[in-house]
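Please look at the sequence and the model below, then read the notes by topic.

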Amino acid sequence: MIAGVIAVVLLLAVAAYACGGGTDYGAGFWDLTAGGAERGKRPRWLIDRAMEPVWEVNNVWLIFVLVIMWTGFPVFFQRVFTTMWLPLTLAALGIVLRGAGFALRRPVRRPAGRRLYGALFAVSSLLTPFFLGAAAGGVASGRVTATTTASTRVWANPTSLLFGLLAIAATATLGAVFLAADARRFDAPDLDRYFRHRALGALAAVPVLAVVTLIVTHGDAPHVWHGLTHGVGLVFVVVAVLATLTTAWLLLTRPSGVWSRISAVAVVASAVIAWGMAQRPYLVPTSLTVAEGAGAHTTLRWLGLVTLVAVVLVVPAVVLLYWLDTHGELEGLSDADLRRDAAGDEG
């Protein structure tokens, strides 16, 4: 019973990271595709302003995922990180390079250095979600077994590749929707239109890739296909479809804002939860159940308690941080503000 509860918590943490971290990866995707220095100046300006206050906090959910996997399901953790060390290492390297690129590209004075760090940030934002999605596809297709050795076939297979592409499309959608809403906050209607159009394009790619993925899983991951077309998994698939239609309608007919953000998050969260529900009762279809992969009962009880305390402490803080950010309370001082304050002090 408790192993099932912890598995649900793990799935929700994955969904939270897919939505929170996915928005940041999506912003990096649009940074990559913004064009040259002059053409992409305005979109990159908004990306920097929108991401700067809160982007790093989304890694909290990744830490949750790793801690719960390692502590609650050590067998599962060992199999995943043994058989898919290469894509996960590339994803981790991408996270590090992405953070370094974003942090260093603005203070660097030389144009060549700025371009280098900007390229690191943008390219890593594309590769990281792809490799994380590919790893998830390897799990969904049941290739992570006790006898599996690390090889490209574990993560370079039809299901994994489609999961990776779907992850890129989903994060691009989230990034564009959030940036369009931020454009209104920064009184930039041209960027609102710019990112709204890109959000619609990325959103159109999501159901296309999802349908292709569903078709491929019929033969490559039959247990997951059955779960996605029956029972609770199907319910969340329907929710994801409705959320997709709602997001498209909001982008076409309403000003960008909180509701388009909520519906876009619902698309991604519902898709992740549908995948998790489709795998029941397995962590790795069809070779490792939740009960078989779980740690000791005492460990799970303490993990549940620690997780509850962490959620009580972290979630309100993250909600407050997002509220402050969306209400413009975390804006840094500009050079003009600093000069005005200095003049006031001298006076």
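Which backbone oxygen lies 2.8 Å from a polar atom of the side chain of threonine 128? The backbone oxygen of serine 124 does. This is a predicted model, in which local features need pLDDT of at least 70 and side-chain atom pairs count only at pLDDT 80 or more, while totals for chains, interfaces and linings use all residues. Residues are numbered from 1 along each chain as its sequence is written, and side-chain values use heavy atoms, leaving out hydrogens and water.

**Threonine 128**

- Threonine 128 is in helix α6, residues 111–140; helices are DSSP runs of H or I with at least four residues, strands are runs of E with at least two, and both are numbered from the N terminus.
- With 0% relative accessibility, threonine 128 counts as buried (buried is under 20% relative accessible area, exposed over 50%, partly exposed in between, with a 1.4 Å probe and protein chains only).
- Apart from neighbours within four places in sequence, threonine 128 is in contact with Tyr25, Ala91, Gly94 and Ile95, where contact means heavy atoms within 4.5 Å.

**Helices α1 and α3**

- Helix α1 (residues 2–32) packs with helix α3 (residues 59–72) at an angle of about 155°, and their axes are 8 Å apart; axes are lines fitted to C-alpha atoms over the stretch in contact, and angles run from 0 to 180 degrees between N-to-C directions.
- The angle makes α1 roughly antiparallel to α3 (over 145 degrees is roughly antiparallel, under 35 roughly parallel, 65 to 115 roughly perpendicular, and the rest oblique).
- Residues making the contact include Ile6, Val9 and Leu10 of α1 and Trp61, Leu62 and Phe64 of α3.

**Backbone geometry**

- Most residues other than glycine have a negative phi, and most peptide bonds are trans.
- Aspartate 187 is not a glycine, yet has a positive phi of about 55°; aspartate 187 sits in the loop between α8 (158–185) and α9 (189–220) and is exposed, at a relative accessible area of 66%.
- Arginine 280 and proline 281 are joined by a cis peptide bond with omega of about -5°, and proline 281 is in the loop between α12 (258–278) and β1 (282–284).
- The peptide bond from proline 285 to threonine 286 is also cis, with omega near -15°; threonine 286 is in the loop between β1 and β2 (288–289).

**Methionine 1**

- Methionine 1 is in the segment before α1 and counts as exposed at 88% relative accessibility.
- From C-alpha to C-alpha, methionine 1 is 47 Å from leucine 104, and the two are 103 residues apart in sequence.

Technical notes:
A polar contact is a pair of N or O atoms within 3.5 Å; within protein, one must be able to donate a hydrogen and the other to accept it, and residues adjacent in sequence count only if both atoms are side-chain atoms.
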